[in-house]
Structure formats: C-alpha cells, structure tokens
Amino acid sequence: MEALRQDDPRRFGPYTTLARVRESAVAVHFLARGADRDGLALVTAARPALASVPAFRRRFWSEARTAERLAGGPVPRPDVSPEGDGLWTATAYVPAVTLSEAIGLAGPLPERAVRVLGAGLAGTLSRVHASGAVFQGLAPGTVLVAEDGPRLTAFGPLGAAAHAEARERGQLSVRLGYLTPEQVEGQEAGPASDLFVLGLLLAYAATGTTPLADGPAEEAAERIAHGSAELGSVPVGLRALIAGCLSKDPAGRPTAGSVAAELAPEGAADRAQGGWLPAVLAAAVTDQAARARALEPPAGPVDDGPRVPPVEERTPTGAALPDGGAPGHVVPPGGGHDGDPGEDSRTTRFLGTGARTPRSDRATAQLTLPEEVTNAAPPRLPAAVPPPAQPYAHPAFTAAPPALPAAAPPAAAPRTGPVTGRRALLTAVAAGAAGLVLGGAAVAALGSDGSASATTDEKPTAEPRPALPGRPPEPRWTYARPAKAPAPLTAGVWQDRLLVLTDTAGATAVDLRTGRKVWERADAAGAQSVLTAGEDLCFLAAPTEFLWLSPEDGRIRHRVRFADQFDGVPDMKVAPLTGQSGSVLWFTGSHTVTVRAPKPKKGKKRGKDTQVVKAYFFAYDVVRREEVWRVAVPAGRAPGTPAYRLIAARNADLVVRQDAGTLTPADVRAGQGKAVFRCFDRTTGKPLWNRRFGTVAPGGAAAGDQEGRLFGAVGDDLGAFETGSGKPLWTLNGTASSVFGTPVAAGALLHTTNRDQEVGAVERATGKVLWRRSTEVPAGDGCPALTLSGSGRTLLAADASQVTAFAAADGRRLWKFQDIGAPAPDGAAVTAPYRVLATGKTSVVVQRERAFYAFPVE
C-alpha cells in the first residue's frame, strides 16, 4: 500500500480514494471510502490507455458480469462504474495480500494452507464449470489470501494478463501469465485448462516456484507443451493431485469439484477455522487492516482528478459500430493487415470488427469476446457503498441467474397455505417483453422464526385457485430454513408424506400436506442421502453410518456404523450412494491395507511395506439391514474410493458408470477419452461386462432403460445403444453448441435436455422427435435438469435461473417460476440452482437452497 500519486483520480463515483494498494497489467487497485464514510472499498480502475480500446471495454463489462454472477464466498459482489465514468469496479475491502506477495513474505506455504487455498479456488471453479463457462482468471496476482480464506479479484483473461497494451486501429494485445498445453498447441481453452493453471498455482504456493512456466515465454511454452513437471519439492500429500492437474491430456485432469473434495473434505471454510496463514502473513494482513482503518479522506472538496472520457466504439476504418455489431475476433500472428511488421507472436489481438478468420496463437490463450457483447451500455449493478464482506464458505456448484428486470409487483392474492413469521417475502414480479412470468401472484417464504414448532394442524390445505396462463399456480405452502441454520445438504421425499432435509446440524421433517415442520433431530447431522426403508422408517446415509428414523418424531430407531456392519473393511470410506431400487441400495467403499514387504534373502535388507487401497461395490438391504453382496472393484483416484452412478437397474442386472473425478490417471489413459460402463448381476454382484458406448465421455450424460438401451451424449448428438452388444440403435443430431444432458425415460418416450436450453421428447425405440421447446433461458448455463411429475403428465426443467413446466405429451409450455433469490429482505443473495422433487401424482416441491415451494401439477 502506498500514497496516491499526483495524477491518480481522487474519486470514482461515490468513492473517495485513500491510497494505492497494488497494480496489474491492466488496472490499478485503490483503497477508497464510500459516500457514507463507513465502509472501505477496493476500487479496480482500468488503465486509461486500455480503457479507450473498444475491445478492452467490451471484455471489461463481460468480466464484470461474471463477477456479479459468481458473487458470494471468495468472490465479492462488484459495484460497476456508470456509463461515461471510465471503467472501474468497487468491492468491499478485505485485508489481504496476493499469493505472489505472500510467497515473497513467507516463502512456500505449509501443506494445510495450500489445501485451504486450493479447496477455495477449486470450489469457485466448479461453480463456473457447472454453468458451462471457463474461468481463465487464475494467476498469482489475482488470488488473495485473507484471514478467513482465499479470495479472487479477476474473472477472465484480462485480470490474469501478464502483459496488455493498446495498439493501432483499435487492437488490444494481451499475453496471459499462464498457458496450458492445449492452448500452446492452438486449441481452445476448456474447463480442464483452469485445472492445469490451478495445478501450477498450487505448486507455486507449496514450493515458491512454478513448474514449467518460469522463465522466458517461448521456453515456458515449450516446457508446458512437452516438458515434465518436477514436483519433488511438493509435499507428498499434494504431489499426486497436482500431477493430475498438470496432465498434458485435458481428459486426464480431475474435475474442480473432486479437487475441492480431496483437498478439504470438510470444506475449505471449516479447514480455515482457527487460522490457516503462517504467522508472518497473519501479521501482514493484520497490519494492513490497521493501516487501512487509519487512513482518512482529504478534508474539504475533493477534486475528481483525471477521468477517462467515454470513447465511441468504431471500426478500424473509423466507422461507428451499429447496435449488435460484430464483437471482435482474434488476429493471427502476423498482424491485421498483410505486411504489418513487428507483430508479437506471443499475443492475442482483440479487434472491434472484421471478417478475417482467426488462427491459433502458439504462445497465448485464445481470448475471444462473447458474441452477445456489443456496443451496448454497461450493466447497472447495485450502486452506492458495496456490501460488507461475507464470511468465506465452500461454494456450491452453481451459477447465479441473470439479473431480473425491474417491474412493479402485482397486488397480493389470498394465500391458502400457512403463512407464519413476520419476515415473509412477496416474490411475484412480472417480466418485460420476453413474456417471462416470475413467482406466483403472491408467494411467501417463511422467515427464521416462522416454522419451528411441530405440526398442530392435521388438515390438508385447500386447493389453490387456478393460475393464469403462463403463470405458475399458487404454491400450496412454502417453507424456508431459518437464516441462522446451515444450508441443506440434501432433501428427499419419504412415502409422499414427509419432506426430509439434512444439514450439518441435524435432520428436519416437513409435512408435505401443510408445509409445517414436524420434527428436528440434531443426532442425525451430516446425512447426505434420504431414502425410504419400508413402510415405517426413513433411511439416512451419513459418511460413517446408516440411520433409520421414525417418521412420526424423528427418533433414531436403528444405527449401523460401517465399522460394525461390514467385516473386513475397517475404517471404510464411502462414496455418495450409487442408487436404490426397492429395498436394496448400492454404494462403493474402500479401505487401506498394508502389504508387508517379502522376507529378504540372506544378506539383503528388508524392503519397505506398501499401502494399497482395496475398493468394493456393495448391495445392502435397508429393510433387513444386512449386506446382500459385495464385489471387489478397481480403486479410484486418491484417496481411493471410486464413485459409481446408477445408469440402469433392470430385473436381472444393473449398469453403473464411475464418476470422472474418481478415475485414476491410468483409468483415464486406458479409456482414451471414453467412459467405461460396468454391468453387475443384480442377485449375486458378479461382474458381467465392461463396455464403452460410442464416444460417450467419462463425464458425458448417460441413462438407461428397462429394455436394455443406453442413451448417452456423443459429441453434440444424443445416441442410443444396445447394452448387450454396444450396437448403435439411433442418433439424435444436435447443433454445434447443444451438448445433451441426462435424459429421462417415461413409457415409450425419452425426454431430452441440452445446453441450448431446449427440452423435448423422442420415441425411445426410434429416436423420432415428437417435440422440442426452449425454456427461454439464455444459453450457456448448462443443461436444465428434468423431473417428471408423479402422474407423468408434466415435465419440469430446472436450472440456475428458473423452473419451466411443460406438458409431457406435446410440449405445451405451461408456466415458469422464479423466486426472489434471497431468504429474507436483509439476507444474502441466493445463487443455488433450482431443484424439483416429485411428491405423489398431483404435486411437486421446488427447492432453491433454503426455500421450498409445493406446487400442484397435473
């Protein structure tokens, strides 16, 4: 932190600058105080020479929108400069140092600190990847280490730029600090590219040096593409994970979610509690906070100082860009015109317009502008003083919905469900020209004091009045977890009578008829699955035990600890449940055994004992409470438990696929980019076959049916295969951007979903398209998740933005629903995606993090 320079601006909108904090290739960061003089803010101001470049400005707004969408936990919510006031963003100030500054002060970080750092960063990456986007903003200068965990300051390639400069004719030269093997070879960056850079950052944090990437750019690019990373100085406990991230093959790298889980199974926030920084860094952060508090804005009128004038966007020929003009493209090495001398082959150019076909740049990532970004006004984000910093929390795998258009709320309509608590929220809002209807005529969510008592009203609620066309029906009831309670880990329906929620503090049951809380049990904390165990017990699966609860009062009737039930597998680690059919559930577990070295020959030293992971696939009867069978299976990626997902449970066998994040590097290499499906005898557990189907990828969507078909995403298409032989049956063609999600089989139909935000129905036997409709959600946020109502007549598509209901038979769009996105008027914004649970034949429960809405459906 240093004093302001003579030519530094003294004000940015309502913020008065106090000091310089740091600067990067594209921006200067200032400490500032808001208009009310209470809160400190960090203002990031683009360098004036770059702010005048149209391509830079477009990218700046794009990355600002990304920051807004990811806000929460380690990502602060930004306040953005109004149009014509230069380019800057402001976020709540948090005392912190960059990762590069931290290494300079303290040297390599201890393993625990590296785990907290990596888990926090990987958690944010998983949210980005879940939306179908790529982050491209990781660099030692964009990662902050604060007292409560890591934070991020950049949300795209501009922030991570090691070099940036404006060029003639509106060009922008940007060179990234870190590249990946696929980018060096001229390929487009994908989610796996973020994992490679994360591996470089973790190695840097653990050793103080960056494998492969140190030194001149050309030499570093060659090492990244073809060299081997030297990780001998990396702690043993981190070596395998970092090596996996640095795999040359993108398919060989772990997912962001698996990295977060491996580094901090209990969550980065919990692991950071009690202090995670070395003493010298903790002291530096504390000292920075004290110095920041001591700064005062200048007395008297403040001169606004130099401003960046608004610049009209023009093409290289000087003509102004029309609305909706081309957003720019990459200029190949050699320049934008034939014969241009002196071009830097290690850079990527942004142009305002042009039709030249882009080519790969060996030494840089390809930085392309989103096509929807045009010469439009910048987005207006919440103004005034930025919100206070939120406590660090391990982020969910979600992306925030787009900002809602403002509109006057309609008058409240009578409610038929129970409304308790003084903090009920009215969420109905009518959208603009797109015809999107949000919420209901009047939707209430219970506040923190609204639903803590046991059921007292046993009568079911009255049927709500019919909804207007396109508007969702009024919910029969709403329920919200109190703001002081932990967010739900999972939710499940028991016998169409109870909605059972679990969190780190316990389990809660809600009456599905009334929406009232029935019971709450603290001794069932941490359960991660809710299932049915016969007619009279509710089954919960926790990380170390199985629980059977009374549906009447939540009392635990039976408790089976893995160590007591499963002989021969001490200290068993269990992956998330594979699936359930009837009274039998399937899951995987593993444990570590010591293999003693063989007795040495005379005169020779005895070798070292080795640790080997043994993994099993189990079938377990939850009614009889006994193991049905177990079969040995290959171990997964460290710590060793393979996670299986149920693809199809048929009368004689079941088909599963291992989650990509638990595949070992050897598995990935053997698969050659294709998923391996496993089939087991349902009665004995005997392995029947291992098989690939077309080019279905390890992480690609897949589902099966009772007739022996498997449906999987094959590139941009959806393919059907015969599981017995692997023979292709039919192909449903998609578009270049479609990418199908997990389909749902129902009778003779197969309901489909894709990243173009389309859902539809085809004939399962032939693949003939019967209907296809759009959810009218902007593309790029992943595939909507599909749920069929109990009657099979209504198909519901849920994503990060809304729930859309269709008639399953013909695709008629019935209604859309969005909630307000906050649990209370003063609560934090909710960015979790929607989830739909079918309950009986005539209702569904829609969940958005803490809020639950019971809707009638056909």
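pLDDT is the predictor's confidence in each residue, on a scale from 0 to 100.

**Figure 1. Overview of the predicted chain and its confidence.** This is a predicted model, in which local features need pLDDT of at least 70 and side-chain atom pairs count only at pLDDT 80 or more, while totals for chains, interfaces and linings use all residues. Residues are numbered from 1 along each chain as its sequence is written, and side-chain values use heavy atoms, with hydrogens and water left out. The average pLDDT of the protein chain is 76, and 74% of the residues score at least 70. Over residues 303-468 the pLDDT stays under 50. For this stretch the model has 402 contacts beyond four places in sequence, a contact being heavy atoms within 4.5 Å. Where pLDDT is low, the predicted coordinates should not be read in detail. The chain has 13 helices and 48 strands; these are DSSP runs numbered from the N terminus, with helices (H or I) of at least four residues and strands (E) of at least two. Of the 858 residues, 53% are buried, where buried means under 20% relative accessible area, exposed means over 50%, and partly exposed lies in between (1.4 Å probe, protein chains only).

**Figure 2. The largest nonpolar core.** A nonpolar core is a set of buried Ala, Val, Leu, Ile, Met, Phe, Trp, Tyr and Cys residues joined through side-chain atoms within 4.5 Å. The largest one has 59 residues, of which Leu99, Leu117, Leu138 and Leu198 touch the most other members. Helix α6 (residues 191-207) gives the most to this core, with eleven residues. Leaving aside residues up to four places away in sequence, Leu117 touches Leu99, Val143, Val145, Pro150, Leu202, Ala205 and Trp276. A second, separate core has 19 residues, including Val560, Phe562, Leu577 and Leu585. In soluble globular proteins, nonpolar side chains tend to be buried together.

Figure 3. In α8 (residues 236-245), the residues Leu238, Leu241, Ile242, Gly244 and Cys245 are buried. Seen down the helix axis, the buried residues of α8 fall within an arc of 155 degrees, so they line one face of the helix; the arc is that of the directions from the axis to the C-beta atoms. The face turned away from this buried side carries the exposed residues Val236 and Ala240. Among the elements that cover the buried residues of α8 are α4 (111-130), α6 and α9 (256-263).

**Figure 4. Valine 584 in strand β27.** Valine 584 lies in β27 (residues 584-595). Its relative accessibility is 19%, so valine 584 counts as buried. Apart from residues up to four places away in sequence, valine 584 touches Gly579, Ala619, Tyr620 and Asp621. Valine 623 is 39 residues from valine 584 in sequence, and the two are 8.1 Å apart in space, C-alpha to C-alpha.

Figure 5. Strands β40 (residues 758-763) and β41 (residues 769-774) pair in the antiparallel sense over five bridges; two strands pair if DSSP finds at least two bridges between them. Valine 762 has valine 769 of β41 as its bridge partner. Five residues stand between the strands of this hairpin, where glycine 767 takes a positive phi near 80 degrees.

**Figure 6. The hairpin of β46 and β47.** Strand β46 (residues 835-839) runs antiparallel to strand β47 (residues 843-848), and five bridges join them. Opposite valine 836 stands valine 846 in β47. This hairpin has three residues between the strands, and its glycine 840 takes a positive phi near 70 degrees.
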